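Please look through the model shown here, starting with the overall form of one chain and moving on to its contact with a neighbour.

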Amino acid sequence: MAKTALIPVDNGLLPGLREFLRQTLSRPEIAAVLVPCQLPMKAMILPTLVNDPERLSAANPLAPAFPLNAARMVSRLTRKAAGGTVVAVLRACEIRAFIELVKLKQARSEELIIVGIDCLGAYATRDFLRSAHQDVDALTGRFVESALGGGDGTVDGVCLAPACQACAEPVPSGADLIICLLGADTDRALPVTAATEKGEALLERLDLPGATMPEARETAVAVLVNRRRSQREAMGETTRALTDSLEKLAAYLAACVNCYNCRVACPVCYCRECVFATDVFDHEPCQYLGWAGRKGAVKMPTDTLFYHLTRLAHMGTACVGCGQCSNACPSGIPLAELFITASAPLQEAFDYHPGRSLEEKPPLAAFRDKEFEEVVGIK
Amino acid sequence: MALAEETAIDLGAMTQATAALDEIRAMVRPCIQCGTCTGSCPNEFAMDLTPRHMWRLVLLGRTEEVLASRTFSLCSACYLCSLRCPRGLPLTEAMGRLKQLAARRRLPHLRSGNLFYRNFIASVRRHGRVREMEFMSLYFAQMMNPWLPLRYAGMGMRLLRRGKVELRLPSRGSGRLVNLFDKVAEMESRS
Amino acid sequence: MKRKIGNVLVVGAGIAGIRSALDLAETGYGVVLIDKAEHSGGVLSQLDHQFPTNHCGMCRMLPLVERDAGGQFCLRKGLFHDNIEILLGTRVTAVAGEPGRFAVSLRTRPTWVDPQRCTGCGACAPVCPVEVPDAFNAGLGLRRAIYLPVPHQVPNAYTIDPAACTRCGACVSACPCGAVTLSTAERKDFRILVVDDEAIVRQSLQSWLEDEGYAVDSAASGPAALEALEKAEYQLMLSDIKMAGMDGVELLRQARALRPDLAVVLMTAYATVETAVAAMKIGALDYLVKPFDPDTLVPMVTRVHEERLAARDRQVEVGAIVLAGGTDYFDPRQQEVNPYGYGRIPAVVTSLEFERIVSGSGPSAGRLVRPHDGRPVRKIAWLQCVGSRDIQCGADFCSSICCMYAVKEAMLAQERGGGDVAATIFYMDMRCFGKSFQRYRDRAEDQGVRFERGRIHSVIPAADSGDPTLRFVGLDGSVRDETFDLVVLALGQRPARGAAELAQMAELPLNPWGFPATSPLSAVRTERPGIVIGGAFAGLRDIGESVILASAASTEAARVLHGAGKSLAAAENEATAFRDVSRQPPRVLVAVCTCGSRILPPGDRTRWVDRLKRDPAVQETIFIDRICTAEGWQALADAISAHPPNRVLIGACHPYVFTRRLRELGRLTRLHPALMDVVDLLGPRMAAAGEGAEAAHDPDSLPRHLAMALARLQKTCRLELEAMPVRRQALVVGGGIAGMTAALAIADCGYPVDLVEAGDRLGGNLPWIGRTLEGHDLLALLQDTAARVGRHPKITVHADTRVRGAFGQAGQFYSTLENTGGVVQTLEHGVVVLATGGGEAATSAYGFGSHPAIFTQKGFQEAWAEGRLDPGALNTVVMIQCVGSREAPRNFCSRVCCPTAIKQALALKQQNPEVAVVVLYRDLMTCGFAETWFTRARRAGIVFVAYGLDDKPKVDAAGPEQPVTVTVTDPVLGRPLTVTADALVLATGIAPGLPADLAAAYGATLDQDGFLAEAESKWRPVDSLAEGVFACGLALGPRNVEESIATAAAAAQRALRILERERLPAAHLTAVVRHGLCARCGRCIEVCPYEARRLDEDLDRILVNPARCQGCGACEAICPNGAAVLNGLGMAQIFGMLDQALA
Amino acid sequence: MSAFEPTIIAFVCNWCTYTGADLAGTSRQTYPLNVRLIRVMCTGMVDPQYVLKALLEGADGILVSGCHPGDCHYINGNYKARRRIKLLKTLLPQFGFAPQRLRLTWIGASDGIEFARVMRELVEQVRALGPSEAGAKMVI
């Protein structure tokens, strides 16, 4: 019984992974594979649901491209019975978001096998599009080389998106199968390990040599996580300094035009329609006049700060730090920095770690008789 | 354990050999052992068994143990316990019954008290009042303890000084209460 | 909806009266609820904290179905329901008639304060010169003769205490609203004319009668009297017969011609009595023989006056009468001796006084301090059984409530003292005889409450401090003294004041302790059909039991009405066709009551109009002086008719009192009352006045209140929800006495019942129990009940049948039955009553099973009944109580075992006077009137020995041939007792027989001991949390037969509320789902405390069951995007209110 | 008078604190007019958005007040409220919002005196904190 096996990559990382996916897709019980693929018409990577093994030659799960959080796509695939099992290749933060969505009944883990690959991060979409006019496979190679070779993934001066730089959870621990890059001999073979029974069952059926986890992995992971943590702390410090009053926060968000793209991009903002887009916020004309009259002037559209604070209150405990909010902002507001920084204390307060386990209930739906007594009273 | 064995009470005995106590037991049966009687009793400090303790023994038919104690003999019939007993039990009366029972049995440890009482009443019967000298003389004689009069000497002198003791010996004919006493005895024997 | 026209009179508006009234009102009957006090709520208006939550929670009694018919606010504020008319300060003066048609006379005491005019401003009280002990604070404070009976009640009109009032009139001039009218004081209203030719007679009569408060004039002759009668109206004329000129008889004749209603009493000398008697034939009411003194005159005049008043008594026709007069507390001063020094030692207080001390509205605002010197209390003692279990003060009964409230009070004291308080309870037996009571007591002990077994005989003041010192005897026999800061007397219960008079009027017998007596085996029925007793009126019940009995009484009342054909006579209450305004933009009519000028100073109108006009939703703003008067209300109705708005906002005073009137207005104007709102402007105005001049003149404050309400109202829409249809039949699971009783009660009210019994016959535990402690024959009861069930056309009995599966919700359940023959059928029903009973718990303790002489109580009873056991052959019987009970894991008291032991012991003694019976117990639970049987058992010579958990009895039964020897330590003697028993009887208690999956199928849950978990142990004691699912009998909790029967009747009543409706309507404040916005995340389902929401997989929608939803809004708060909305209080509405609050 | 008069929004539950506030009124227990009551059915229905809205519209202090633990008319709404307040008290101070401006209390139906006391004390506390930053200049 193989808990860990090896994926041969002596022909290169991407060809090795593609072969692994082809082999997976060839299993009769697997209906399709969802994996980031290069679009045929452009040097762009997007999650793609592949049924034809030949099409897996475009698969590229290692490219530093992260145009959207695929958890939302997996949600679409799994909300109801699909009639076949899908293997989804996801980043760690996508898996965490997926687990949150399962708790919110927006996705199901039945008929799904998640393959996670140690995440080396990605560029902001704008940056990736600038870098990827060249051969994407080649860019991917240089990126992986930098990221695993002690560098920080910077290629030609383009560096990781801030959220990725600050991500301290690159290992996809919630996956059924984990493909290890960190600490692996990337010239020869990548260890793949089963984290669940489902993963183990699939792994057993694939024709892969058994192995043990490389000893170097633990250290490699620790080094990366420590670096990311310090980057995260630095990011937090900077962000806090920029937002430590309501006025500063307003300035931070000054460019916001209430397009609500951030919440569309957010994998855990699961509402069909954001409350700010509903009739509750269809204010009466007299209300605008009232506000203007009271404060002397009122910015329009109104409710900008209200919107962002509400999003923090609603989704802060579930924020997985994927950074898609920043990616989506047309005005370039560094939203991920704000969200990651402001959410951390919320998650700590409820000892809630989004994406850690399906067993953990979202904090606001639960309670205990005796808790948080420090917030009661006026002393 | 050995001690427990010795002092264990066999409730099987409860139904037997308690005829002497039955009447008194019936008086205190509704007792709930709340202890109000003990708490109320002004003489409790001098008693070897607390009243509650004693009533419990009565209920359990421990005639000998009850009669071996001095508790009931120390009852001064103040009626506090009867007044306060939540069950409204006639405790003072039951104490009196115990005294009578003890008196009939002439229990050695209660001899002094019994003689004192009997001579006191005999004096009253004869004279319609207590003739202290006669009463005490007879009491001392019956106690047959040559040192006893000395124990009362101090008190006797004090009472004498205050004119509380009549020194004259009985002289004025027969007691006026004899008929009364006889009538009571007759009525009691009838009922 | 079809309305029943039956009416019920409920006497007593305490907790039981409220429960009974609400039950009947919810079922559709009309209720007249009266109370002799000036407030509703009974003693509960004074109690802030109740066991076991140590809070209140009375509001949970409010209707769950058709919530809008009752007020949605704290019940201690007052009771408001469409079908309930409340008359306070009212008593019954006569009862006549028969079941179905009683004529009852009610007399309401005038309060001299017009509640319509009084706004509760309080200007009157400070000027009143009289100060008397404040009954609301149990006498701990003082109040004036004009006062608020209960400060938190609405409408909070002041009232005058006639006994204290000196009629000085200070309040009349102080009242800004002219609400006080002492001049119409009733005796002043009764005008007397004294006619006599002797001045001395005239003068003395006038002065005697004026002293009594009557208005008296006099006349010296017949003609003068006639002149006076022409000028003014008199009610009574006292006339001498022998007068110069016109004599008394002639005067009588002429006066009667002038004033036919005039009562005339003639005064006569002895010689002319015959004349006087003859005069009575021509209209004299009575005569007085001279000479007479005030003691003769005054009662006569008072009688005439009372008769006059009686003529004004209100007559009500009712089908049934529920007496729910509650009980009173024992007065420790009434004891011949007052051993506890109550009234002499200031730090000795009653339990009720303690409740007031720790009440937030009490004299020390809830701080635990001594009432007389304000010193913080650190060491406090409770003395149990004060006025209970005390033959000396006429109480050979246990009051049943004091142990638990003392435990509660001790815990409260510790809580208030922040861990700094040492609380001790001195008790004889700790009677924790209910379901959760033992655990509650244990919790108190864990928290450090000290339990000391022993009765305190007296309290004396300490020599130095005067603090109360207790002397008590420890179990070891030592006499100890202990001094406390505060000593609380746990007062027992006594018949309610006036209970005897009421019982006499209703022709009900009293029991030996003065409580009205109920019929055998019924805690509610009386000897007089149609008159039932609810709650603690018949004595010695705690809140939970009172509530059960109140519901049971409602059932009996409903039964009487039904029997009298009332429910067949349906009064069609034409549903109002309300205007559909849903598609119109809001047009609000704002009506402001100026209340003289107290709400609105005349100069401010323009400003208010301008402020409100800023909102285009305001159609018009009008000002009405005293909207509460008939004219004011008419002005409002006229304004609505003139330019029909689609919302009405009223700015006035207490919104509570307008509920019913808004509904009337709705019918009148065809605008749904949900689209009307009332804002309290007077309260804030008065609060502002208290805050000082500056605040009082904040001109924006009151308009802001209106604007906030306006913001909410204009976004309010009428909820158009389809009412849930009700399948109007019931399923009762379990054919014991509880199940049969419930089935009969429901069927008697006209609804089909399916009664499912797993066994082959009905009867449950009755056959083996045989008789009750009191000697009532249960086999006869069983025969009678089973026969009635068997021949009832509405009841279908399914014997040998079990419920295999079920689903559904209130109004529509589906249950699958399977009988032992394997036949399966599915039933549809609207409600279910779980009466699955219970049995005797199994045990292996004390050698049970190893020796033929060791029995359980049931085994003993059966062996005896079947002749396997000869009581005559027994010398000694030992009974051990609490076998496997009142300790983990079965840490509850089964309540019936101690009475059963006493019943068996007494029966043994009766058959064999020589037998010795020894009962080994922990706390003897002969609660209520069962205590008297405990006394009898003691008297019969049965020996009781208490044992502790740490020193249980030891049973030695080496083999079936060997004797059984029991050893136990006597706590008084501290010595072991040994006894060789011919029979050892173990009281193992009750094991419930309610399968968890059966309960779960209906959405109910079990408690940790396997009984049904009630929705609320005090306020909803027979309901499960799932509406439509009820339990009774042993499935609910340990109870004796009579109590089980009461729970069954109560469960039936709760079921009838639902069955009486064709549909379950939704309340205005009910959650709705905006499906287009909903992401089906299901978090609203998780947070809903009533399981009112579910995901319908087929529709892929979240659905709300409006019959379960209680409108708490938890769903709205958890829903991130407003897909869950609490209709009437949605996000947009709160945002609007916030805008206005901060504008 | 130039003393700063803070504005306080109090979300009070229908069953306990509102009744307590009412009792304060009838018992002549005055409390400052700075407190604007918004009656909700239960503290468990106070959406964090309500608090945010009040804050951003310029409330200087916000109180959420309901039944004591175990006493909620709706069984457990107050426990849910406590979690939300915990969330907001963790979130908002990060943006310079003084945590003392947001309060949660349990005030029962008979706690009229207590209600008035809490209101007075709260107003004093908020007065000492000065005007909320969101009041005048902030755009929402």
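In this predicted model, chain D has a radius of gyration of 14 Å, and because a compact globule with 140 residues would have a radius of gyration near 14 Å, the value for chain D agrees with that expectation. Taken along the principal axes, the box filled by the C-alpha atoms of chain D comes to roughly 40 × 35 × 20 Å. Of the 140 residues in chain D, 76% are buried, a term that here requires 20 or more other C-beta atoms within 10 Å of the residue's own.

The secondary structure of chain D consists of 4 helices and 4 strands, and, read from the N terminus on, these elements follow the order β-α-β-α-β-α-β-α.

We turn next to the neighbouring surface. Where chain C meets chain D, 51 residues of chain C are in contact with 45 residues of chain D. On the side of chain C that touches chain D, at least two residues each come from helix 17 (682-690), helix 29 (1114-1118) and helix 30 (1131-1141) of chain C, and helix 30 of chain C gives the most, with 7 residues. Sorted by class, this side of chain C has 25 nonpolar residues, together with 18 polar and 8 charged ones.

Key. Residues are numbered from 1 along each chain as its sequence is written. Chains are lettered from A and ligands numbered from 1 in the order in which they are written. This is a predicted model: local features need pLDDT of at least 70, side-chain atom pairs count only at pLDDT 80 or more; totals for chains, interfaces and linings use all residues. Two residues are in contact if their C-beta atoms, placed from the backbone, lie within 7 Å. Ala, Val, Leu, Ile, Met, Phe, Trp, Tyr, Cys and Pro count as nonpolar, Asp, Glu, Lys and Arg as charged, and the others, Gly among them, as polar. The radius of gyration is taken over C-alpha atoms; the globule rule is 2.2 Å times the number of residues to the power 0.38. A residue is buried if 20 or more other C-beta atoms lie within 10 Å of its own, exposed if 12 or fewer, and partly exposed in between; C-beta atoms are placed from the backbone.
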